[in-house]
Amino acid sequence: MTALLVLEDGRIFRGEAYGARGTGLGEAVFTTGMTGYQETLTDPSYHRQIVVQTAPQIGNTGWNDEDDESHRIQVAGYAVRDPARAPSNWRSRRSLEDALREQGVVGIAGIDTRAVVRHLRERGAMRAGVFSGDALAADGELVDRVLASPPMEGADLYGAVTTREPYVVPADGERRFRVAALDVGIKFNTPRMMAARGIEVHVLPADTSIAAIEELAPDGYFIANGPGDPATADAPVALTRQVLERRIPTFGICFGNQILARALGRGTYKLQYGHRGINIPVIEHATGRVAITSQNHGFAVEGEAGERFDTPFGAAEVSHTCPNDGCVEGLRALDVPAFSVQYHPEAAAGPHDAADLFDRFVELMDGSKS
């Protein structure tokens, strides 16, 4: 059965229906990971995005019940070149296509994903649609449907993926710390990484008040990854400012990096096509150390490598940047206990170069206790 990937500039790629039939509208982006497609598809950061896989073969290990990063597939659509005909892995419970079909995610297979990626690298991430089955229509009509969909710039999406009720992930063994984690799109592996370090994690809705934080009396405050334009995250930014005023040790990842940046008075902007994949280098300026990281962000923080700047809470600095394009990849406050990174130290299926950032968070909380 025919399927079409339609881009807002009129470029159309014709392939075969994969997963559910119907319409999927979102922002077309590409990711370079050769493994970890299940984690990518269930990552809330990809909410309302159509993900194009650069790796030609996808689905070889099927779909299991252990590796989801949220309660459902989050992407708006999926584009692959050569899907596996017969998945093979001892943990597999169903095929990737079965998972897409069961969760109503419209996909397309058999297209030249290299050509799609080259187009997006030249023109930038853009609105798109995947159409199959009864949703198929004349090319011009499909382009009009894409153009009528909302752009990612200005998109307020974190409210769609946050938890509705607080919940607790207990520490493994003895509890050393209690952390209030603001869920603006948290991945399941993040509380697990903290729990392994003796942290009891209280995962909180995005509209949590400072009074609720104070009632918890946490040793630390964590701001999660998440989707959408950070310029819309006024409530999490206001909460983070209140946390900084109280000098609660703070750590942010990805969307959390952008929220902390805004709380410190920095602006954000949209990247041409973003950073997505598991092979993106980051330089830590204090040490010169380079980490290969997992990333998914279409927006970035304003700033230059090693830059120091004034904030309402004292001095801060740009601690990490990407050598590929100079993009800000981390911030550190110098007068209050707070730091953040733009990449994913909790990455599954990897890499794990940056997992020690959770140890730094522990040290920050430990230092504030003494």
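Between which strands does the loop that holds Pro56 lie? In this predicted model, Pro56 belongs to the loop that runs between β4 (49-53) and β5 (57-58).

## Overall architecture

The protein contains 10 helices and 20 strands. Its C-alpha trace extends about 65 × 40 × 40 Å along the principal axes.

## Surface and charge

Of the 370 residues, 60% count as buried. The protein exposes about 14600 Å², and carbon and sulfur atoms supply 46% of this area.

The protein carries 36 positive and 50 negative charges, and the mean positions of the two sets are 3 Å apart.

## Nonpolar cores

The largest nonpolar core comprises 58 residues, of which Phe222 and Phe251 touch the most other members. Leaving aside residues up to four places away in sequence, Phe222 touches Val179, Ala180, Ala181, Leu182, Ile186, Thr190, Met194, Phe251 and Ile253. Another core, of 22 residues, lies apart from the largest one; Leu7, Ala20, Ala79 and Ala128 are among its members.

## Leu4, a buried strand residue

Leu4 is part of strand β1, which covers residues 2-7. Its relative accessibility is 4%, and because buried means under 20%, Leu4 counts as buried.

Leu4 and Ile108 are 104 residues apart in sequence, yet their C-alpha atoms are 7.0 Å apart in space. Ile108 is also one of the residues that Leu4 touches when those up to four places away in sequence are not counted.

## Pro56, a partly exposed loop residue

Whereas Leu4 lies in a strand, Pro56 lies in a loop. Is Pro56 buried, partly exposed or exposed? With a relative accessibility of 45%, Pro56 counts as partly exposed, because that class lies between the limits of 20% and 50%.

Once residues up to four places away in sequence are set aside, Pro56 touches Arg81 and Asp82. Pro56 and Arg11 are 45 residues apart along the chain, and their C-alpha atoms are separated by 21 Å.

Note on methods. Residues are numbered from 1 along each chain as its sequence is written. This is a predicted model: local features need pLDDT of at least 70, side-chain atom pairs count only at pLDDT 80 or more; totals for chains, interfaces and linings use all residues. Side-chain values use heavy atoms; hydrogens and water are left out. Helices (H or I, at least four residues) and strands (E, at least two) are DSSP runs, numbered from the N terminus. Buried means under 20% relative accessible area, exposed over 50%, partly exposed in between (1.4 Å probe, protein chains only). Accessible areas come from the Shrake-Rupley method with a 1.4 Å probe; for residues, only the protein chains shown count as cover. Lys and Arg count as positive and Asp and Glu as negative; His and the chain ends are not counted. The place of a charge is taken as NZ of Lys, CZ of Arg, CG of Asp or CD of Glu. A nonpolar core is a set of buried Ala, Val, Leu, Ile, Met, Phe, Trp, Tyr and Cys residues joined through side-chain atoms within 4.5 Å. Contact means heavy atoms within 4.5 Å.
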